[in-house]
Amino acid sequence: MLAHLLPIVSLAVAAVVAKPVVVRDSPISLSIARRFNVTAAANVLKADQARAKVLKNQGLAGGKSASFKSAAAAAIGVPVTNGARHTSHPMYVCATRLVHNLIVDTGSSNTWVGADTAYVQTSSSVDTGDEVEVSYGSGFFFGEEFLDTVTLGDIVITGQSIGVSEFAIGFDGVDGILGLGPVDLTEETTSSGGEIPTVIDNAFSQGIISSALVGISFEPTTEISVTNGELTFGGTDSSKFTGDIAYVPVTSTSPASAYVGIDQSITYGSAGTPILSSTAGITDTGTTLVLIASDALAAYQTATGAVADSNTGLLKITADQFANLESLFFNIGENTYEFTANAQIWPRALNTAIGGDADGIYLIVADLGSNSGEGLDFIDGFAFLERFYYVWDVANARVGFATTSFTDATTN
């Protein structure tokens with residue numbers, strides 16, 4: 001599914017269960033585990049593009065998810081995968097405290113379980129009688145909606161609405177999704193219609209966190225599985241970023257406005273070669289790569305001298321070209337974020353996992369699959385977000401970024 005949900009690198013979120021918190025004034029942080037889905041890796045670009053197509057179409061439809069039948073039809077001919085990189089977090093449900101490892105996704109908002117580990121009903125389970133279905137592009141699920149008590153680290157939420165999967169495709173190795181996107185995306189995903197409060201909404205309304213926001217920290221890595229990320233609910237973790245967090249409002253341009261969308265432009269190198277003019281797009285932990293409009297990618301390919309690789313679908317450069325590769329500059333609000341040469345390449349230690357040559361150099365900036373001017377012209381996915389501290393401020397409808405000690409890392 002996503003980068004899959006995030007594409008071909010898995011991020012698994014894991015936290016330690018602690019005592020329930022009734023009211024919490026300080027932020028609550030949870031560790032995030034990251035896993036690489038080696039069985040899905042070769043389809044990373046196709047999975048991201050399939051997700052992008054669905055996100056765009058759903059945004060144009062007001063955030064409404066595709067029906068089960070249309071989701072199934074859309075999946076025909078599309079490699080089903082949950083992506084290369086996944087961010088998942090163990091969520092405990094009901095009195096049995098059964099652990100479900102969920103993909104952390106800011107590009108969707110329904111939380112659901114049961115793709116791998118079966119949901120077990122207990123005294124705290126309430127069957128709403130509603131059916132639920134959500135499509136993610138290269139994956140989808142269908143099931144029943146329940147109310148139950150869920151635990152995420154120190155966060156214990158009562159009466160949380162969760163989907164329980166009866167049928168799911170594209171979620172190998174994970175149990176479902178922890179949806180952290182705008183609540184509007186849940187509208188009409190159940191048979192009774194209406195919106196479903198997200199875990200952020202309920203944690204705030206129940207007094208568990210003092211602010212309806214989440215701070216997200218990733219780190220680049222070349223390992224297949226590692227716990228090196230963090231979710232912070234209700235605030236930010238100053239130990240995870242350098243300098244100040246700069247915020248911009250969620251874009252007003254549709255369909256990006258339905259998501260954690262922003263306006264940005266991109267230039268290349270010291271000469272400031274234009275790559276993508278100021279336009280709207282989204283930030284998304286569920287997308288593995290950095291996707292830009294087809295016309296922008298053509299400009300990037302010209303600037304870098306890269307060639308398309310038939311095995312991976314990604315752009316490929318030589319060692320000499322990499323030595324001369326300059327930074328990309330993402331202009332967001334009044335700030336410019338440097339995306340270094342090393343940040344632009346796939347982790348070379350994981351080349352063979354995506355069907356590439358062991359000694360090849362592949363770029364993670366890739367084709368969105370449509371030209372600019374359609375209201376969702378880029379997706380700043382996991383490969384971008386792992387280089388910066390990322391904040392989704394739900395209450396104030398704004399998005400924040402800050403540099404980290406890994407912004408200039410040469411990990412890849």
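Tutor: Start in a loop: Pro255 lies between β12 (242–249) and β13 (261–268). Keep in mind that this is a predicted model.

Student: What makes the peptide bond from Ser254 to Pro255 cis or trans?
Tutor: Look at omega. For the bond from Ser254 to Pro255, omega is near 5°, and the bond is cis. Most peptide bonds are trans.

Student: Why is Glu188 called partly exposed?
Tutor: Its relative accessibility is 44%. Buried means under 20% and exposed means over 50%. The value for Glu188 falls in between, so Glu188 counts as partly exposed.

Student: What is the phi of Ala397?
Tutor: About 45°, so to speak on the positive side, and Ala397 is not a glycine. Its loop runs between β23 (388–393) and β24 (398–403).

Student: Why is Ala397 put in the partly exposed class?
Tutor: Ala397 has a relative accessible area of 38%.

Student: Why is Val214 called buried?
Tutor: The cut-off for buried is under 20%. Val214 has a relative accessible area of 0%, so Val214 is buried. Val214 belongs to strand β10 (residues 213–217).

Student: Which residues does Val214 touch?
Tutor: Leaving out residues up to four places away in sequence, Val214 touches Ile200, Leu231, Thr232, Phe233, Gly235, Tyr390, Val391 and Trp392. Touching here means heavy atoms within 4.5 Å. Take Leu231: Val214 and Leu231 are 17 residues apart in sequence, and their C-alpha atoms are 6.7 Å apart.

Student: How do you know that β16 and β17 pair?
Tutor: Pairing needs at least two bridges. Two bridges join β16 to β17 (residues 315–317), so the two strands pair. They run antiparallel. Ala308 stands opposite Leu315 in β17.

Student: What is the strand order of the open sheet that holds β16?
Tutor: The order is β16-β17-β20, three strands with antiparallel pairing. Its edge strands are β16 (307–308) and β20 (361–362), as each pairs on one side only. Strands of a sheet pair through backbone hydrogen bonds.

Student: How many cavities of 30 Å³ or more are there?
Tutor: Two. A cavity is space where a 1.4 Å probe fits but cannot get out. The second largest cavity holds about 40 Å³.

Student: What lines the second largest cavity?
Tutor: Ser109, Asn110, Thr111, Glu145, Gln160, Ser161, Ile196, Pro197 and Thr198. By class, that lining has two nonpolar, six polar and one charged residues. Glu counts as charged, while Ile and Pro count as nonpolar.

Student: And the whole protein: what percentage of the residues count as buried?
Tutor: Of the 412 residues, 60% count as buried. The protein has six helices and 24 strands. Its accessible surface comes to about 14,100 Å², and 50% of that belongs to carbon and sulfur atoms.

Student: What share of the contacts with a separation of 6 or more joins residues 24 or more positions apart?
Tutor: Such pairs account for 72% of those contacts.

Note on methods
Residues are numbered from 1 along each chain as its sequence is written. This is a predicted model: local features need pLDDT of at least 70, side-chain atom pairs count only at pLDDT 80 or more; totals for chains, interfaces and linings use all residues. Side-chain values use heavy atoms; hydrogens and water are left out. On a 1 Å grid over the protein atoms alone, a cavity is a set of points where a 1.4 Å probe fits but cannot get out, and a pocket is an open set with protein on both sides within 12 Å along at least five of seven lines; lining residues have an atom within 4 Å of a point. Grid points are joined across faces, edges and corners, and a volume is the space filled by probe spheres set on the points. Helices (H or I, at least four residues) and strands (E, at least two) are DSSP runs, numbered from the N terminus. Buried means under 20% relative accessible area, exposed over 50%, partly exposed in between (1.4 Å probe, protein chains only). Accessible areas come from the Shrake-Rupley method with a 1.4 Å probe; for residues, only the protein chains shown count as cover.
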